[in-house]
Amino acid sequence: MTGVQTCALPICRPSAILLGVVSALVLLPVCYLLLAGVRAGLQAAGLPAPAQQSVSLLLGSSSLLVRGSLLVVATLGAPLIEEMLFRGVFFTFARDLGYPRVALLGSSLLFGMVHFNLAALLPLAVLGIALARLYERSGSLLVTIAAHATFNLVPFIALALGFKPDE
């Protein structure tokens with residue numbers, strides 16, 4: 001047998017990773033604009049709008065070990081575990097029970113809520129909706145994992161380039 005063996009499953013396709021990366025790059029400005037709007041609204045109402053705990057830790061640390069650990073957790077661990085749980089289990093379970101809207105909105109709201117940040121709730125719920133749609137259309141968790149990992153990688157790249165969120 002000659003030639004390159006390929007996997008027929010959608011989870012094995014390199015195009016799944018590319019679709020995830022491109023999708024995240026499209027979603028990033030939408031979610032960050034939503035985040036800025038929610039933060040402004042919270043501040044106008046006199047409510048605190050702190051950054052997510054992981055972002056604060058990243059910005060507050062100069063330790064390469066801490067930053068490297070955060071990078072691995074944020075771009076590998078969290079996307080893998082969260083996508084398997086929220087899209088692979090919660091979304092799929094409710095959808096397969098015959099409740100597609102509950103699956104979409106419920107899994108997405110829960111995804112936003114587990115990040116324990118009021119300002120990020122809406123943007124992350126919107127991200128959750130987009131990730132569920134990507135999963136439904138592609139049939140591949142690899143697409144959503146790649147999108148989620150890319151979405152989480154951007155703050156690290158921005159910080160490495162010298163961007164500070166409060167400037």
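Which charged end sits over the ring of phenylalanine 111? The charged end of arginine 87 does, at 4.6 Å from the ring centre.

**Confidence**

The protein chain has a mean pLDDT of 90, with 91% of its residues at 70 or more. Among the elements of the chain, H4 has the highest mean pLDDT (98), while helix H2, residues 53–60, has the lowest (83). Where pLDDT is low, predicted coordinates should not be read in detail.

**Aromatic pairs**

Searching the whole structure gives 4 aromatic pairs. One of them is formed by phenylalanine 86 and phenylalanine 111, whose centres are 5.5 Å apart and whose planes make an angle of 75°, an edge-to-face arrangement. This pair links distant parts of the chain: phenylalanine 86 belongs to helix H3 (residues 64–96) and phenylalanine 111 to helix H4 (residues 100–113), 25 residues apart. Phenylalanine 86 has a relative accessibility of 3% and counts as buried; phenylalanine 111, at 1%, also counts as buried.

In another pair, the rings of phenylalanine 91 and tyrosine 135 have centres 6.2 Å apart and planes at 75°, so this pair is edge-to-face. Here too distant parts of the chain are linked, since phenylalanine 91 lies in helix H3 and tyrosine 135 in helix H5 (residues 118–138), 44 residues apart. Ring pairs also join Phe86, Phe90 and Phe111 into a cluster.

The relative accessible areas of several residues are set out here.

| Residue | Relative accessible area | Class |
|---|---|---|
| Phenylalanine 91 | 1% | buried |
| Tyrosine 135 | 15% | buried |
| Leucine 134 | 14% | buried |
| Phenylalanine 116 | 74% | exposed |

**Nonpolar cores**

The largest nonpolar core has 21 residues, of which Ala119, Leu124, Leu127 and Phe151 touch the most other members. Helix H1 (14–44), H5 and helix H6 (141–160) each contribute at least two residues to this core. H1 gives the most, with 8 residues. Apart from neighbours within four places in sequence, alanine 119 contacts Leu35, Val38, Arg39, Leu42 and Ala49. A second, separate core has 8 residues, including Phe91, Ala94, Leu104 and Ala132.

**Two single residues**

Is phenylalanine 116 buried or exposed? Phenylalanine 116 is exposed, because its relative accessible area of 74% is over the 50% cut-off. Phenylalanine 116 is found in the loop between H4 and H5. The phi angle of phenylalanine 116 is near 50°, a positive value in a residue other than glycine. Most residues other than glycine have a negative phi.

Leucine 134 is placed in helix H5. Its relative accessibility of 14% is under the 20% cut-off, so leucine 134 counts as buried. Leaving aside neighbours within four places in sequence, leucine 134 is in contact with Leu19, Ser23, Gly139, Val143, Thr144 and Ala147. Leucine 134 and lysine 164 are 30 residues apart along the chain, and their C-alpha atoms are separated by 31 Å.

How values were computed
Residues numbered from 1 in each chain as written. Predicted model: local features only at pLDDT ≥ 70, side-chain atom pairs only at ≥ 80, totals over all residues. Heavy atoms only, no water. Phe/Tyr/Trp six-rings, centres within 6.5 Å; stacked < 30°, edge-to-face > 60°. Helix = DSSP H or I, 4+ residues; strand = E, 2+ residues; numbered from the N terminus. Buried < 20%, exposed > 50% of the residue type's maximum accessible area, 1.4 Å probe, protein only. Lys NZ or Arg CZ within 6 Å of the ring centre and 35° of its normal. pLDDT = per-residue confidence, 0-100. Core = buried A, V, L, I, M, F, W, Y, C linked by side-chain atoms within 4.5 Å. Contact = heavy atoms within 4.5 Å.
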